[in-house]
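Keep the 3D view open and turn it as you read.

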Amino acid sequence: MNPVATVALGAALAWDAASLPWHWTQGGRSTVGEWVYQLRGGARVTSQPPVYDVVAVKESDGAESRIRILQPYIESMDEATRLLAENPAMVCIVTYTPRQSRSGFWAVTRLHESHTIVLTGGSAFTAEDRRAVRRATLEAVLGPESLRDPVVARVSREDFSATRVLWGGVAHNVMAATGVLLFGLSLGWVPAYWAAARRRRARAALWRGECPGCGYSLRGLEAAKCPECGREVKDPGAGPGS
Ligand SMILES: [Zn+2]
């Protein structure tokens, strides 16, 4: 309960709040972080999440059939167009949309994740082919090692969306809330400080022969009340003016 603790805690909280927009620009949506970011005149961040468009081609070799993935934007747009024109039943367009966002009030505490794979066209693709397409698409765009990741492995089987608690952010919030509480408690010196200041001002006013409440001159008055504001004044005549 002293001014040093108040200043130190206030500075720590202000510093922490000033760091929150960082979470925001890193794909997080901290409510307070967004306020601070806008207060500082930050430009709106519009991050375009990646969307992967690939072409899956079913190649039959007698009884065997296999799925080939063609990334038109990286490999050949012409080839993709040609394959689609020649045998549209054996070609499907695959759109993989991974979405990830973080949200929270102070620090970011929740991670929202959703992965959607949409297959368009390809009437000759069986259900098994479509599963193979999902897998092959993820391998092609995220790398062959990516299926070791449990989330990616799950996306290879089905669309997936989940929200997860970020415990680091929760711990951050607990510490910040503790800081706010301690800051509030540290303000205990303020009322005592104001009371002392008020007493000093009142004494100084009486010394000048004025009412401590309204400043009305009490010189020469014997009454125990200020005639202007009605305030009780002990010994109005005290001071050098009497
Ligand atoms: Zn008065």
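The largest nonpolar core has 16 residues, and Val 55, Ala 56, Cys 92 and Val 94 are the ones that touch the most other members. A nonpolar core here is a set of buried Ala, Val, Leu, Ile, Met, Phe, Trp, Tyr and Cys residues joined through C-beta atoms within 7 Å. A residue is buried if 20 or more other C-beta atoms lie within 10 Å of its own, exposed if 12 or fewer, and partly exposed in between, with C-beta atoms placed from the backbone. The elements that give two or more residues to this core are E2, E4 and helix H4 (127-142). Helices (H or I, at least four residues) and strands (E, at least two) are DSSP runs, numbered from the N terminus.

Before going further, please note that this is a predicted model: local features need pLDDT of at least 70, side-chain atom pairs count only at pLDDT 80 or more, and totals for chains, interfaces and linings use all residues. Residues are numbered from 1 along each chain as its sequence is written. The pLDDT is the predictor's confidence in each residue, from 0 to 100. Its average over the protein is 86, and 91% of the residues score at least 70. Among the elements, H4 has the highest mean pLDDT (94), while strand E1 (residues 28-30) has the lowest (79).

Now pick out Val 94. Which residues does Val 94 touch, not counting residues up to four places away in sequence? They are Val 54, Ala 56, Ile 117, Leu 119, Val 133 and Thr 137. Two residues are in contact if their C-beta atoms, placed from the backbone, lie within 7 Å.

Next come the strands. Strand E2 (residues 52-61) and strand E4 (residues 91-104) run antiparallel and are joined by 6 bridges. Strands count as paired if DSSP finds at least two bridges between them. E2 also pairs with strand E3 (residues 64-70), again in the antiparallel sense, over 7 bridges. Here Val 55 stands opposite Leu 70 in E3. The hairpin of E2 and E3 has 2 residues between the strands, and Gly 62 takes a positive phi near 70 degrees there.

Stay in strand E3 for Ile 69. Is Ile 69 buried or partly exposed? It is partly exposed, because 18 other C-beta atoms lie within 10 Å. Leaving aside neighbours within four places in sequence, Ile 69 is in contact with Val 54, Ala 56, Ala 136, Thr 137 and Ala 140. Gly 121 is 52 residues from Ile 69 in sequence and 15 Å from it in space, C-alpha to C-alpha.

Strand E5 (residues 110-121) pairs with strand E6 in the antiparallel sense over 6 bridges. Within this pairing, Ala 162 in E6 is the bridge partner of Glu 113. Strand E6 (residues 160-165) is hardly covered, with 0 buried residues among its 6. Leu 119 lies in E5 and counts as partly exposed, because it has 16 C-beta neighbours inside 10 Å. Its contacts, leaving aside neighbours within four places in sequence, are Cys 92, Val 94, Arg 130 and Val 133. Leu 119 and Ala 56 are 63 residues apart in sequence but 9.0 Å apart in space, C-alpha to C-alpha.

Finally, zoom out. The protein has 7 helices and 6 strands, which run from the N terminus as α-β-α-β-β-α-β-β-α-α-β-α-α. Its radius of gyration is 36 Å, well over the 18 Å that the globule rule gives for 242 residues, so the protein is more spread out than a compact globule. That radius is taken over C-alpha atoms, and the globule rule is 2.2 Å times the number of residues to the power 0.38. The C-alpha atoms fill a box of roughly 120 × 30 × 25 Å, taken along the principal axes. Buried residues make up 19% of the 242 residues.

The domain assignment gives domain 1 (52-167) and domain 2 (192-242), with bounds that come from an automatic or database assignment. Their C-alpha centres lie 83 Å apart.
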